[in-house]
Amino acid sequence: MKHPALLVLAIVLLAGFGFLAWRVFSAKDAPPPLPNAGAGGATESEGEARQAELARGDAPLGEPIRSAVAASEAALETLHPSVREALCGFTGRLVSPDAIPVANSRVELFRFAPDVLFQAGASPFVGEGLAAGLGEPEIDAGEAKSGDDGRFTIEGVYPLSTYLLHADIDGDAATWVPIDRAAGPGQLVDLGDIVLNPAGVFEGVVVGPDDRPVPGALVRAVDLPGSVLALVPFERFDPKGAVIVFEGQRLVIEMPAWVERRFEDLPLAQTRTDGDGRFRLRGVVPGGNLFAVTAAGLLPHVKPRLNVRSGEVKDLGTIRMAEGEQAVGRVEDESGKPVEGAELLVAARSNAAPVHFASRAARSDAEGQFAMGGMPPGEVIVAARRNRGEAWVVTDPQPVARDVIVKLPASLTLTVHVFDEAKRPVAEPRLQLLPGADRDAAIGMAMWGLNAPLPLTGRLRRGEAGEWLIADLPKGKYVLLADSPLHAADAIEFGIEEDRSVELVLMPKQGFEVSVLRPDGAPAAGAELFVHARGNGVPDAPMNAGRVDDEGKRLVDSVRATEVALSARHPAFGLCHLRTPLPPTAPIVLRFDSPGAIEGSVTEGGTPPARGKYMVYAVDWGGNRGALPPMPQITGLDAEGRFRYPALAPGQYRVGLVNSIAALRSPGGMVGYVRDAMFASDLPNANVQLGAGKVETVVLDTKAQETFEGPTVRLSGTVLVDGRLAKDHTVTVWGSGKRQRRTIDAAGRFEFVQVPVGRVTLQINEPLPEDLFASRQNAEELWRGGFELKEGTDLDLPLDLSTGTVEGIVRGPDGAFVADAEIQADGVFTAVEGRPSGSLSRRTRSDARGRFRFERLPVADWRIRAEKDGVGRSGDLQTSSTAGGVAAGLELVLAATHRVRGRLDMAAFGEPAVRQVYLWVSDVEGRGRNGWASVSADGEFELNDLSDGRYRVQINVRRVDDQWQQYHGADEFEVLGRDLEGHAIRPVKDAPPEARRG
């Protein structure tokens with residue numbers, strides 16, 4: 001666990017988003033576009049209905065826009081008694097800062113664990129389940145109201161999870177409280193007094209350019225610095241819109257319906273104006289806040305910093321919104337004819353980050369024209385498509401004052417043949433067509449509501465020979481999924497650029513029975529069963545197969561695979577896992593072990609740390625091969641630095657320290673936590689083998705990184721940067737696998753009392769920026785070098801570092817300036833007296849005029865190059881930085897890159913079956929201009945952005961048993977001034993001894 005603090009933060013926010021993002025960016029080709037999760041997409045009439053709803057302003061003044069969903073008693077009654085008895089609960093007392101109980105205050109508990117992502121009954125066949133909120137993480141754990149004594153109790157909660165409490169939801173002191181207590185089965189955990197933090201309140205009235213009230217405007221305040229807007233215009237995020245990502249490829253991530261609901265659960269102050277344009281924004285974090293008002297068709301009103309004191313009610317008076325610019329354009333087909341009724345998304349381009357927040361415009365009219373008001377000056381990005389489920393066409397960023405032309409591809413016909421294992425047509429197959437280039441990603445994301453299937457009504461008809469024809473299908477990448485009442489689901493990925501046919505062979509359903517037992521061998525009635533198809537199975541994502549019956553049994557027939565991973569969950573025993581081949585060779589039995597306990601203490605060189613400074617995480621680290629991923633458990637320390645996990649499933653655990661999450665009460669607190677986690681010194685951890693029913697003890701010492709066996713010496717030094725003492729810069733030294741870090745003092749000095757002798761690496765970094773959203777988001781590295789420490793010889797280093805500036809421009813193959821190109825600089829330091837040689841790298845991007853600039857670049861010899869996907873790559877340019885000087889006038893010219901498409905001979909791999917194949921090509925001249933591509937099931941591949949040169953191929957093959965093998969292309973190939981189409985690659989096991997010219 002390299003960054004456990006960041007992992008815990010991700011859990012607290014929402015575990016699912018990390019998984020889904022990974023699925024997006026690990027797609028084989030262009031990851032699947034992510035259409036609207038609504039059953040019918042967002043139509044113009046729906047948009048008008050939404051505007052009418054907002055315009056009514058029916059909500060009471062100051063009423064939060066969220067609506068809580070709590071676990072019902074009726075739902076708990078459906079659980080098996082053994083499950084209900086093992087559920088946990090939390091109790092506590094709400095008090096004001098002066099310890100007065102707060103009565104009649106609503107409290108809600110949220111739970112975070114892997115299972116919240118997997119709803120019972122979810123299927124790869126999404127259908128109309130998207131409209132019912134399919135894929136929404138089930139994080140609501142319960143709610144209550146405090147009594148006259150301020151006490152509340154929430155019971156019926158699944159234990160062994162991470163929890164976040166929202167207190168005084170409807171009051172002016174809304175407070176978020178991360179719970180750092182491990183709750184075991186059947187426990188009622190007393191949280192003690194929860195002090196409500198009186199927040200600030202903003203009041204005012206919102207009017208438009210005509211001074212008329214603006215009802216339904218969204219008013220928000222968040223304790224983030226206004227500089228965040230220099231990177232991403234967060235105020236433009238529309239939970240009913242989409243996110244357009246430019247990161248090597250263009251992705252449109254539409255927000256499913258549940259995102260809008262969960263957006264209301266975010267820990268920030270938000271409300272809407274009433275019919276008179278008035279608002280009362282409660283729950284504002286004391287201090288400086290980024291304040292924003294947004295309304296459809298108007299330019300967002302933003303104040304980078306508004307201050308409010310605790311308990312203060314501040315009247316902001318009249319807020320007048322401006323019209324802003326209007327983005328206009330036209331949607332055409334390939335022949336230039338207007339496309340009527342096209343769906344449209346319009347985004348203002350973010351200044352730095354490749355993430356652009358888009359809102360829906362009205363569909364294009366009979367002339368193909370569209371318009372979107374309320375845009376800021378600058379550039380806009382437009383995405384369009386004919387209908388829901390189709391791939392989006394995304395434009396380049398263009399000035400908002402210019403008409404934007406979007407050209408949609410022609411529609412084609414797909415012929416689908418669905419056969420059984422005897423090659424006979426399947427009588428009544430169920431078909432689903434998903435946009436996307438990767439089968440597993442497209443299906444998995446659809447199950448979470450992030451990838452809607454293409455509507456087949458009116459498109460699908462049966463052919464005379466039993467085939468199926470899908471008409472009006474745009475060009476693009478798709479995944480076809482099919483099953484039948486007698487056949488298991490299977491899928492195929494393909495691209496279509498002209499009318500074509502595909503074939504899918506379905507195998508009989510492989511139903512299998514699973515038994516789940518308690519530690520004593522009795523049926524674990526009511527346990528939940530999770531299933532993950534492995535071995536090229538469908539779907540390649542965990543599924544909730546439901547609860548076992550009173551005999552502990554469950555029939556599973558919802559997956560097709562050669563192997564299946566299973567996890568069973570019961571609140572009394574935790575998790576147990578099993579992986580088995582299909583069809584099974586023996587009865588499938590999962591048996592829980594008796595839970596064990598891990599307890600221990602934390603010290604700082606023998607002394608307990610201050611209470612609330614740290615918390616302990618424990619995560620199953622040892623070969624979990626089940627359907628559910630491991631989830632860290634967290635708990636706090638008592639006054640003596642002790643901790644205890646009362647009920648953990650047996651296994652191998654990593655137990656370690658992270659900073660306390662107590663500050664995670666607002667977005668600003670979260671950013672601060674990330675900042676500390678990114679740059680804090682390593683904290684200790686240990687591996688623990690926990691046996692059934694056993695208790696293991698762990699001692700964690702924060703000074704462990706500075707304890708060594710064997711000889712050590714003292715390493716110290718004085719650091720100057722550009723002639724000034726390097727106060728607050730950081731110094732890091734690596735040796736014997738351990739890392740120590742120091743902050744340079746006011747005298748420019750640092751000292752490590754014990755550093756192991758031998759080879760060590762020393763690194764100097766600038767001070768950590770207070771504002772992570774500033775233009776420089778990192779503590780830039782100024783110098784890095786390696787040297788030998790000799791036994792008995794302390795070392796004092798005088799490090800005198802100087803920096804300069806290097807700047808230039810990037811041009812494309814046509815000589816035009818290239819914006820947003822990535823520029824990399826690799827520097828080498830020459831050894832001088834008192835300072836060993838070293839090296840480091842820097843990266844930046846060109847601006848809208850192709851300019852780039854490296855500031856505070858250490859004096860060294862630098863090799864600089866640039867590239868931009870889809871445009872080209874430059875050669876290496878040699879330059880040097882000089883102390884206090886500016887090396888200007890550098891010009892990096894991108895040479896055009898090319899595409900290689902072809903087919904890999906999949907038959908060469910033999911048995912067992914292949915699950916995944918990746919190609920890695922490298923320039924034989926060693927210039928580092930390499931590339932990679934995934935290979936489809938039928939052997940098709942596409943390599944992009946290859947420079948001119950000669951390449952050799954390495955082939956990485958993953959078998960269905962998860963074993964990786966390496967092959968090589970029998971021949972090299974050459975790319976010279978053109979794309980390469982129809983290239984065939986023949987795999988061989990051994991690397992060719994000599995290059996064979998292909």
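**Salt bridges, sheets, a helix and some backbone details**

Buried here means under 20% relative accessible area, exposed means over 50%, and partly exposed is in between, with a 1.4 Å probe and protein chains only.

Before going on, the ground rules. This is a predicted model, in which local features need pLDDT of at least 70 and side-chain atom pairs count only at pLDDT 80 or more, while totals for chains, interfaces and linings use all residues. Residues are numbered from 1 along each chain as its sequence is written, and side-chain values use heavy atoms, with hydrogens and water left out.

Now the overall numbers. The protein has 998 residues, and 52% of them are buried. There are 7 helices and 71 strands; helices (H or I, at least four residues) and strands (E, at least two) are DSSP runs, numbered from the N terminus. Of the contacts between residues at least 6 apart in sequence, 70% join residues at least 24 apart, where a contact means heavy atoms within 4.5 Å. The accessible surface is about 42100 Å², and carbon and sulfur atoms account for 49% of that. Those areas come from the Shrake-Rupley method with a 1.4 Å probe, and for residues only the protein chains shown count as cover.

Back to Arg842 and its partner. Glu780 forms a salt bridge with Arg842, with the closest N and O atoms 3.3 Å apart. Glu780 sits in the loop between β51 (758–765) and β52 (781–789), and Arg842 in strand β56 (residues 838–845), so the pair ties together parts that are 62 residues apart in sequence. Glu780 counts as partly exposed, at 22% relative accessibility.

Another pair is Glu343 with Arg385, where the closest N and O atoms are 3.4 Å apart. The two come from distant parts of the chain: Glu343 is in strand β18 (residues 343–348) and Arg385 in strand β21 (residues 379–385), 42 residues apart. Both Glu343 and Arg385 are buried.

The salt bridge of Glu312 with Arg309 has its closest N and O atoms 3.9 Å apart. Glu312 is buried, with a relative accessible area of 18%, whereas Arg309 is exposed at 58%.

Next, two sheets. Strands count as paired if DSSP finds at least two bridges between them. Strand β9 (residues 218–222) is joined to β12 by 4 bridges, and Arg220 has Gln270 in β12 as its bridge partner.

The other open sheet has 3 strands in the order β57-β54-β61, and its pairing is mixed. Which strands of this sheet run parallel? Strand β54 (residues 803–811) and β61 do, joined by 6 bridges. Within that pairing, Thr805 is bridged to Val886 in β61.

Now helix α6, residues 439–447. Of its 9 residues, 9 are buried, so the helix is largely enclosed by the rest of the structure. The buried residues include Arg439, Asp440 and Met447. At the N-terminal end, Asp438 caps α6, with a side-chain oxygen 3.2 Å from the backbone nitrogen of Asp440. After the helix comes Gly449, with a positive phi near 80 degrees.

Gln432 lies in strand β26 (residues 430–435). Gln432 is buried, with a relative accessible area of 5%, and its side chain reaches the backbone oxygen of Pro124 at 2.9 Å. That is a polar contact: N or O atoms within 3.5 Å, where within protein one must be able to donate a hydrogen and the other to accept it, and residues adjacent in sequence count only if both atoms are side-chain atoms.

Finally, the backbone. The Leu582 to Pro583 peptide bond is cis, with omega near -5 degrees, and Pro583 is in the loop between β37 (574–581) and β38 (588–591). Glu911 and Pro912 are also joined by a cis peptide bond, with omega about -5 degrees. Asp168 is not a glycine but has a positive phi, near 55 degrees; Asp168 is buried at 10% relative accessible area. Asp945, in strand β66 (residues 940–946), has a positive phi of about 60 degrees.

Key:
A salt bridge is a side-chain nitrogen of Lys or Arg within 4 Å of a carboxyl oxygen of Asp or Glu.
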